[in-house]
Amino acid sequence: MLRAFRDAFRIPDLRRKIVFTLLLLAVYRLGSTIPTPGVNTAALESATSGGLFGLISLISGGNLSQFSIFALGVLPYITASIVIQLMTTTVPALEKLSKEGEEGRKKINQFTRYAAVGLGAVQALFFSLFITSNPAYVAVGWDPGIFTTVVMVLTQVAGIAFTMWIGERITEVGVGNGISLIITAGIIANYPREIAATGQLLNTEQTSILRILIFAAVILITIAGIVYVYQGERRVPVTYARARGGTPTGGAARNMGGQATWLPIKVNQAGVIPVIFASAMLIIPNLIATATATRAPAVNAWIQSNLVFGQPFYLALEALLIFGFTYLYNSVQFDPKRISEQLREAGGFIPGVRPGVPTAEYLGSISGRLSLWGAVFLVVLTVFPQIVQRATGITTFQFSGTGLLIIVGVALETLKQLEAQLTVRRYDGFITKGRIRGRLNN
């Protein structure tokens, strides 16, 4: 990894792309320090420490807890992308667009932007009403009324649009996926403050050096496990049959050699999406408890004691939801019937498996087994950090399996893009040198 970055900085074109990417990420982080007008950030920070609010704040780099102008960041874009992606497999018009190449992809991206702005406006309205409903969250001198709500919503919508523009510019001109890098930069930005807070625990003798070392070792082991599972895949062998074709002069037909390759199926096909969906579902009972605090105090008390972040019942329910959403998302994304039809149309087949329905059933069984292990991986990655934090008592550092999964995944994908661009430039240089030598020899 270090060698790839070193070689990239030696090439002027790649060096400019890396510097451009870092500058845009710096602009985003600068905007993350500017609070939204009318918000008391000090009082709001305590309300976004757990549940879905904590997860959103983690992904947005703490922007939600501060409710900066980039508080929602790329979350509406991610939500819109997931919705459009799911609709592409079910809506015939979108499915047709997805098969029209570059022009179809541009139209789908445009629909995604519009949907992101619309969803962002709804989410901004929800959070703005949440803030204005509690006068303690409103800054001094601001009236918690319609005007303040409108100002907050417009500020957030503008921030969402600008964040999407930064992400797209990084993807087009810089290095890596812009949206993913923005999320990663937001998560990493919290680490210096959390490390300092953990060190303060050691100075005040609230924890021991042994617990901190065990905590750090667990993090390193978790990262190694994420890398191992993230790159894990089942390679299904695929062979393309020999084709017979005539000679260019119309002579006798000749055999064209077949081609053997494989179909890769990742262990973790769904990424962190099931975790996000599960967290979103688990915040609903807390919203119900807040709304029925006076009318149903018994229900409110049960929810507050059992469906709280870190409680055993909460962890069990979260695990079940992650399993369900993993299978649901994989069943939509990976369609064995469609893949088997595409293989048959391209003249490909899996050795030992008949084309058509048997191939679809074979791929479906493989996808089902991998979905099981992928769901187990996500459950362990979500539950294990909570258990470790409760055991060590170190809660100042946000040890989130979801955050580590995002960081590791983005780092690996960015590294692959850098290595690919380095390979292309080396190949081009080899061809250029060969042409120059040929001209000199002639």
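Okay, phenylalanine 126: at 40% relative accessibility, that one counts as partly exposed. For the cut-offs, buried is under 20% relative accessible area, exposed is over 50%, and partly exposed is in between, with a 1.4 Å probe and protein chains only. Phenylalanine 127, on the other hand, has a relative accessible area of 7%, so that residue is buried.

Before I go on, this is a predicted model, so local features need pLDDT of at least 70 and side-chain atom pairs count only at pLDDT 80 or more, while totals for chains, interfaces and linings use all residues. Residues are numbered from 1 along each chain as its sequence is written, and side-chain values use heavy atoms, with hydrogens and water left out.

Now the rings. I call it a pair when ring centres of Phe, Tyr or Trp (the six-membered ring for Trp) lie within 6.5 Å; planes under 30 degrees apart are stacked, over 60 edge-to-face, and the rest tilted. How many aromatic pairs does that rule give? The count is five. Phenylalanine 126 and phenylalanine 127 make an edge-to-face pair, because their planes sit at 70°, with the ring centres 5.3 Å apart.

Then there's tryptophan 142 with phenylalanine 147: the planes are at 15° and the centres 6.5 Å apart, so this pair is stacked. Tryptophan 142 is partly exposed at 31% relative accessibility, and phenylalanine 147 is exposed, with a relative accessible area of 62%. There's also an aromatic cluster, formed by Tyr28, Phe70, Phe162 and Trp165.

What lies over the face of tyrosine 230? That would be lysine 266, at 5.2 Å from the ring centre. The criterion there is NZ of Lys or CZ of Arg within 6 Å of the ring centre and within 35 degrees of the ring normal.

Last stop, helix 17, which covers residues 357-392. Helices here are DSSP runs of H or I, at least four residues, and they're numbered from the N terminus. Threonine 359 is in that helix, and with a relative accessible area of 5%, threonine 359 is buried. Not counting residues up to four places away in sequence, threonine 359 touches Ser340, Leu343, Ile350, Val353 and Arg354, where contact means heavy atoms within 4.5 Å.

Serine 367 is in helix 17 too, and is buried at 7% relative accessible area. Leaving aside neighbours within four places in sequence, serine 367 is in contact with Gln269 and Phe334. And the C-alpha atoms of serine 367 and asparagine 330 are separated by 8.0 Å, with the two residues 37 apart along the chain.

Conventions: Helices (H or I, at least four residues) and strands (E, at least two) are DSSP runs, numbered from the N terminus.
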